[in-house]
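Please look through the structure below with its charged side chains, its nonpolar core and its aromatic rings in mind. The paragraphs after it take these topics in turn.

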Amino acid sequence: MKRWIFLACALAIGAIPQAQAHDFKVGAIQIDHPYSRPVPNVRTPGIAYMNIANKGEKADRLVGASSPAVGKVELHANLRDGDVMRMRPVDAIDLPAAGELRLQPGGRWHLMLIDLAKPLQVGDKFPLTLKFRDAGDVQVEIEVQRASGPQSHQH
């Protein structure tokens, strides 16, 4: 019995660094769980999602992003145009003081990955640099994950 408890504890402790490895921080800015969905060919843009929290007392702005895995990264907003939702590139996304920015499927914001170097497959990982007006650059690792749940969709 003690051996099973020891084994369970060892496995749980071993999983902690992996869980923390998907969170990134610079100053008051914390980026949680950056990910993308599979994309079968390079002609189809990919999309990156994540949660960005500003734990500080001063607002900041996400002003750009780049990655060696794609030709171009655009900040995008989903905007209602009459009865139709449309995606539009934006120059920046505000990140309020003590606030959070959610880039998520079905949400208002996301990062469009244009001109992929290769198709994105489940399990792939690639670097992406987020550019903040005040906090500067933060490099994160995007993990390609299988779509699941009611909010999963393709653009």
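A salt bridge here is a side-chain nitrogen of Lys or Arg within 4 Å of a carboxyl oxygen of Asp or Glu. The model is a predicted one, and a search of the whole structure finds 8 salt bridges.

One of the salt bridges joins the side chains of Lys58 and Asp134, with an N to O distance of 3.8 Å. Lys58 sits in the loop between β3 and β4 (60-66), while Asp134 sits in the loop between β10 (125-132) and β11 (136-144), so this pair ties together parts that are 76 residues apart in sequence. Lys58 is exposed, because its relative accessible area is 58% and the cut-off for exposed is over 50%. Asp134, with a relative accessible area of 40%, is partly exposed.

Asp134 also forms a salt bridge with Arg133, and here the closest N and O atoms are 3.0 Å apart. Arg133 is partly exposed, at a relative accessible area of 45%. Through shared partners, salt bridges join Lys58, Arg133 and Asp134 into one network.

Another salt bridge is formed by Arg61 and Asp94, whose closest N and O atoms are 2.6 Å apart. Arg61 belongs to strand β4 and Asp94 to strand β7 (residues 93-95), so the pair ties together parts that are 33 residues apart in sequence. The relative accessibility of Arg61 is 29%, so this residue counts as partly exposed.

Next comes the nonpolar interior. In soluble globular proteins, nonpolar side chains tend to be buried together. In this model the largest nonpolar core has 30 residues. The residues with the most contacts inside this core are Ile31, Ile52, Leu111, Leu113, Leu128, Leu130 and Phe132. What does Leu111 touch, leaving aside its neighbours within four places in sequence? Its contacts include Gly46, Ile47, Ala48 and Met50, and also Leu62, Ala65, Val73, Glu74 and Leu75. Leu103, Leu128 and Leu130 are in contact with Leu111 as well.

Asn51 is found in strand β3. The C-alpha atoms of Asn51 and Ile31 are separated by 5.8 Å, although these residues are 20 residues apart along the chain. Leaving aside neighbours within four places in sequence, Asn51 is in contact with Gln30, Ile31 and Asp32, and with Glu100, Leu101, Arg102 and Leu103.

The aromatic rings remain. A pair of aromatic rings is described by the distance of the centres and the angle of the planes. The count comes to 1 aromatic pair. The ring centres of Tyr35 and Tyr49 are 5.4 Å apart and the planes meet at 40°, so the pair is tilted. This pair links distant parts of the chain, with Tyr35 in strand β2 (residues 29-36) and Tyr49 in strand β3 (residues 46-54), 14 residues apart. Are these two residues buried or exposed? Both Tyr35 and Tyr49 are buried.

Finally, Met87 is found in strand β6 (residues 84-90). Its relative accessible area is 29%, so Met87 is partly exposed. The C-alpha atoms of Met87 and Arg108 are separated by 9.2 Å, and the two residues are 21 residues apart along the chain.

Key:
Residues numbered from 1 in each chain as written. Predicted model: local features only at pLDDT ≥ 70, side-chain atom pairs only at ≥ 80, totals over all residues. Heavy atoms only, no water. Helix = DSSP H or I, 4+ residues; strand = E, 2+ residues; numbered from the N terminus. Buried < 20%, exposed > 50% of the residue type's maximum accessible area, 1.4 Å probe, protein only. Core = buried A, V, L, I, M, F, W, Y, C linked by side-chain atoms within 4.5 Å. Contact = heavy atoms within 4.5 Å. Phe/Tyr/Trp six-rings, centres within 6.5 Å; stacked < 30°, edge-to-face > 60°.
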